[in-house]
Amino acid sequence: MFSSFVSAQDDPYVGTFLSRETGLQVQVRKTSDGYEGSLSAEGRSYPFTGFKFLGMLSGSYDYNGQTVTFSLARMLGAYMVTSDGISIPVERTSSQPPAVAAAPRPAQQPAQPSQPVQPIQSAAALKATGARHQDPYGGYAFNAPAGWQAVQQNGGFTLSKSGLSYQLGVSPHNYRSVAAAQADVQDLRDDASGTYLRARTQPYGSNGLYVRFDGTAEGQQIVIESIALVSPHEGGVTFAAAGLAAGYPAQAAELLRSMAASAVFMQPQVSAAAQQWKQRLSGKQLLYLNTSNGLSDKTAIDLCSDGTFGYYSNSSYLSSNASNSFSYAGQDQDGGTWRIISRGASAVLVLMFSGQGSISEYELSARQASNEAGLNGRRYFIQASERCR
């Protein structure tokens with residue numbers, strides 16, 4: 001399943017990796033379906049297994065009966081071992097796979113590594129005790145932490161508390177399984193805005209996924225944590241916390257866990273109109289075209305029947321007169337998951353972007369022509385999608 005088509009000698013993650021500062025050593029060899037080896041520190045060795053995910057080696061090992069995940073990543077020729085917020089630069093001292101099996105764990109219990117790699121806490125947590133909120137169209141309800149104020153907007157909730165420098169958020173998602181949510185997690189990089197975020201994941205209970213992003217956004221060090229729970233009915237809900245790394249407390253993760261512990265799922269409410277729109281648009285492309293006064297806009301949204309979508313936008317502008325001229329061209333593309341919900345008497349198309357981490361809503365309305373639809377009042381053409389095939 002996770003086999004590679006390159007030989008072990010050509011694989012950048014095979015060999016021995018060493019941190020001369022901390023003494024951490026990672027030995028990796030290729031297997032038929034992934035990787036295995038050992039992670040050693042302070043005289044203690046931990047056998048691990050792993051696979052290549054999003055261009056890096058993702059592994060896990062047993063630490064006192066608990067599963068710990070880590071990643072070995074290569075960026076700009078340098079290697080980094082990361083787990084639970086701790087990143088340690090390592091040097092590749094050998095490109096040859098270790099000749100012997102991973103060393104067994106010794107019977108004695110020496111001191112723990114000076115740079116401990118701790119697992120995320122278990123899914124067991126006390127329920128949040130604040131106000132109860134629910135989204136019948138998203139099919140979930142939850143308790144806010146005590147003292148936090150919640151505002152419903154953009155298809156979810158934003159929570160804040162006076163005096164704190166970080167925020168909490170709650171939003172629905174359309175993933176059908178934890179594996180589907182896991183597959184959609186990737187590092188974020190946007191040179192234009194100075195955003196470089198590294199993603200790490202870990203299973204959370206039997207129906208959840210914990211994700212943490214560390215890095216910079218617009219030149220500032222930030223942290224984003226989230227817990228996505230999959231509903232037994234359809235989709236699910238994501239609890240998230242975000243703030244500047246300098247003032248981001250460990251308490252934020254506890255608040256996420258408390259909200260996740262309070263979550264209850266129910267069958268989402270869907271009107272007949274929303275169901276009709278879903279049947280009409282599934283597998284189709286929505287195309288918006290506009291040209292006026294030198295401005296040209298083109299937006300295409302491919303709504304695939306598996307619940308995923310692709311978003312493509314191109315804009316150009318040309319202005320010219322006797323004294324000067326100006327032109328501009330830009331393009332954007334992203335994707336994620338989509339769904340159509342009921343909101344009162346209206347049907348609403350909800351796009352949940354993976355790359356942007358944002359949610360967009362469009363109220364749907366019928367138009368005179370059968371191959372057209374109104375999205376927030378704008379005319380979009382409905383046509384077959386080539387990308388969804």
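A disulfide is a pair of cysteine sulfur atoms within 2.5 Å. The model is predicted, with local features requiring pLDDT of at least 70 and side-chain atom pairs counted only at pLDDT 80 or more, while totals for chains, interfaces and linings use all residues. Residues are numbered from 1 along each chain as its sequence is written, and side-chain values use heavy atoms, leaving out hydrogens and water.

**View 1. The disulfide of C304 and C388.** By the sulfur distance rule, the count is 1 disulfide. The S to S distance between C304 and C388 is 2.1 Å, and the link is left-handed, with -85 degrees about the S-S bond. Helices (H or I, at least four residues) and strands (E, at least two) are DSSP runs, numbered from the N terminus. Relative accessible area (1.4 Å probe, protein chains only) is called buried under 20%, exposed over 50% and partly exposed in between. C304 is buried at 12%, whereas C388 is partly exposed at 25%.

**View 2. The open sheet β9-β10-β19.** Three strands form this sheet in the order given, with antiparallel pairing. β9 (132-135) and β19 (264-265) are at the edges with a single partner strand each, so one side of each has no neighbour in the sheet. Two strands count as paired if DSSP finds at least two bridges between them. β10 (residues 140-143) and β19 are joined in the antiparallel sense by 2 bridges, and A141 has V264 of β19 as its bridge partner. Helix α2 (residues 251-262) packs on the sheet and touches β9, β10 and β19, where contact means heavy atoms within 4.5 Å. The direction of α2 makes about 130 degrees with that of β10; axes are lines fitted to C-alpha atoms, for helices over the stretch in contact, and angles run from 0 to 180 degrees between N-to-C directions.

**View 3. Strand β13 with β12 and β18.** β13 (residues 166-173) is mostly covered, with 6 of its 8 residues buried. β12 (residues 156-160) pairs with β13 in the antiparallel sense over 3 bridges, and the bridge partner of F157 in β13 is V170. The hairpin of β12 and β13 has 5 residues between the strands, and G163 there takes a positive phi near 90 degrees. β18 (residues 236-244) runs antiparallel to β13 and is joined to that strand by 8 bridges. Q167 has A242 of β18 as its bridge partner.
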